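Hi everyone, thanks for making time for this one. I'd like to walk you through a structure and stop at a few places that I think deserve a look.

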Amino acid sequence: MPGGIDPHTHFELEMMGAKCADDFYKGTRAAVAGGTTCVIDFVLPQKGQSLLEAYNNWREKADGKVCCDYGLHVGVTWWSPAVKKEMQQLTSEQYGVNSFKMFMAYKDAWMLDDYDLYCAMETCAELKALPQVHAENGHIIARNTEKLLAKGVTGPEGHQLSRDEEVEAEAVNRACAGAPLYIVHMMSKSAVRALQLARTRQRHALIGETLAATVGTDGTHYGNACFRHAAAHVLSPPLRPDPSTPQAMCEALADDHLQLIGSDNCTFHEKDKQLGKGNFSKIPNGVNGVEDRMAILWQKAVNTGIMDPCRFVAVTSSNAAKVFNIWPQKGRIAVNSDADIVVWDPKLERTISAANHKQAVDFNIFEGQHVVGSPQYVVVNGRVCLDDGELRVVEGFGKFLKTPVESPLIYDGHQSQEEAPHRPEFLEAPVRVTNGTPSPDLG
Ligand code: URP
Ligand code: ZN
Ligand code: ZN
Ligand code: ZN
């Protein structure tokens, strides 16, 4: 199958007073070990920081370290005319960015209010770039957090209590506001329902991504008596206590209610998670997944019969290539495509553990899970980097991958003003939702 594409990683990110355990070397090395040959990471500027400056920082961190090709999304964490101008520059050939992430949560850090969010989305539509949102209501979370802490709920269980499914679904609904949109890390059945409902009233492409974490584990871990264990599972939006969630997310991926699975790999060592001891809102947010994303989905969705192998390729690889406009260079095995190839052994058995994973982080949220199906060979740009189970990556072998704007998947089928005379300009740009059926030719 074509090499996996992880559309959502955070390597060497500094957030909530800590720095991610996985850097661009160890993170991409782990990616390759698990069958992923391309990642798209997030440049996240500080409020007030130049987006171009942050982009250059990320390039400096990643170039020379990555073991496979990588692209970049850029966060729009504050708003001004200068930011709008920089978004325009970033989408040029020189920089090669075609997607921007806006946060509806993280109130005192990256959150945009609705006016700024819509300005940013409008700018994306003008540029034929793709807006991405972190969909959670940051104000509700902030108020619930105050109330929980006042009541003495300070442990990791407070994380999910402060932001239940409705907090996510409300933001999904609000974000589907008349422009094409990619919703990152969808973590609940309520959020998927909100997206499905929006599709019935909106003709623009609405793309939904879920995570290996949601498919592979659940929110019951927040009740674990061990702080380290519970805190290790803290990410946003949180894992859900509803035990039917993992299977429902697999079905949503299989049924094309969701189109991609990422990892949101954003790992913190135990010592960093300890920053939130006594106040759950200070636990650095994020979990592992870049290494185990493909095996976890194979185990939970293919081995169970929920999803066929062709759809597995679509949601782990080719859909990401199409959405981010790098198909057929990536996400396809063909003459003239990059030779990113995985030979997958559906019978290979192993037990996931932090004791032998390739990631730098000292915990694995899938610890102890037995999976059947893993990569045997992984070819990165023509070079065998996993050789019958032996990892032979080369630091710096990967290249920066430019993602051009105007993805046909998002922006094809544009209706003219004549065909849709009642649509205001902002609602005009994109039209056709081609979320796609399983690719019969494996991408
Ligand atoms: O908890 C998470 N998801 N951490 C990474 C940052 C983000 O919101 O994607
Ligand atoms: Zn997010
Ligand atoms: Zn524990
Ligand atoms: Zn993320």
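This is a predicted model: local features need pLDDT of at least 70, side-chain atom pairs count only at pLDDT 80 or more; totals for chains, interfaces and linings use all residues.

One definition before we start: helices here are DSSP runs of H or I with at least four residues, strands are runs of E with at least two, and both are numbered from the N terminus.

Most residues other than glycine have a negative phi, and most peptide bonds are trans. Is His-185 buried or exposed? It has 23 C-beta neighbours inside 10 Å, so it counts as buried.

His-185 also belongs to the surroundings of ligand 1, together with His-10, His-134, Leu-235, Ser-236, Asp-264, Cys-266, Asn-285 and Gly-286. By class, that shell divides into 2 nonpolar, 6 polar and 1 charged.

Ser-236 brings us to another backbone feature. A cis peptide bond joins Ser-236 to Pro-237, with omega at about -15°. Pro-237 sits in the loop between helix 10 (227-232) and helix 11.

On to helix 11, then. Of the 10 residues in helix 11 (residues 245-254), 7 are buried, so the helix is largely enclosed by the rest of the structure. The buried ones are Thr-245, Pro-246, Met-249, Cys-250, Ala-252, Leu-253 and Ala-254. What covers them? The cover includes helix 8 (189-201), strand 9 (206-211), helix 9 (212-216), strand 10 (260-262), helix 13 (293-302) and helix 14 (309-323). Just after helix 11, Asp-256 takes a positive phi of about 70°.

Now follow the chain to the loop between helix 14 and strand 11, where Pro-328 lies. The peptide bond from Trp-327 to Pro-328 is cis, with omega near 5°. Asn-336 is found in the loop between helix 14 and strand 11 too, and it has a positive phi of about 80° although it is not a glycine. Here the setting is open: Asn-336 has 7 C-beta neighbours inside 10 Å, so it counts as exposed.

Strand 12 (residues 370-380) pairs with strand 13 (residues 383-387) in the antiparallel sense, over 4 bridges. Which residue of strand 13 is the bridge partner of Val-380? That is Arg-383.

One more stop, at Leu-44, in the loop between strand 4 (36-43) and helix 2 (51-62). Leu-44 has 21 other C-beta atoms within 10 Å, so it is buried. Leaving out residues up to four places away in sequence, Leu-44 touches Leu-13, Gly-75, Thr-77 and Trp-110. Met-15 is 29 residues from Leu-44 in sequence, and their C-alpha atoms are 9.5 Å apart.

Finally, the annotation. An unreviewed UniProt entry lists residues 1-384 as "domain: Amidohydrolase-related". Over residues 1-384 the chain is 36% helix and 18% strand, and the end C-alpha atoms are 14 Å apart. Thanks, and I'm happy to take questions!

Technical notes. Residues are numbered from 1 along each chain as its sequence is written. Chains are lettered from A and ligands numbered from 1 in the order in which they are written. A residue is near a molecule or strand if its C-beta atom, placed from the backbone, lies within 6 Å of it. Ala, Val, Leu, Ile, Met, Phe, Trp, Tyr, Cys and Pro count as nonpolar, Asp, Glu, Lys and Arg as charged, and the others, Gly among them, as polar. Two strands pair if DSSP finds at least two bridges between them. A residue is buried if 20 or more other C-beta atoms lie within 10 Å of its own, exposed if 12 or fewer, and partly exposed in between; C-beta atoms are placed from the backbone. Two residues are in contact if their C-beta atoms, placed from the backbone, lie within 7 Å. UniProt positions are given in the numbering used here, feature names are shortened, and annotations may be inferred rather than shown by experiment.
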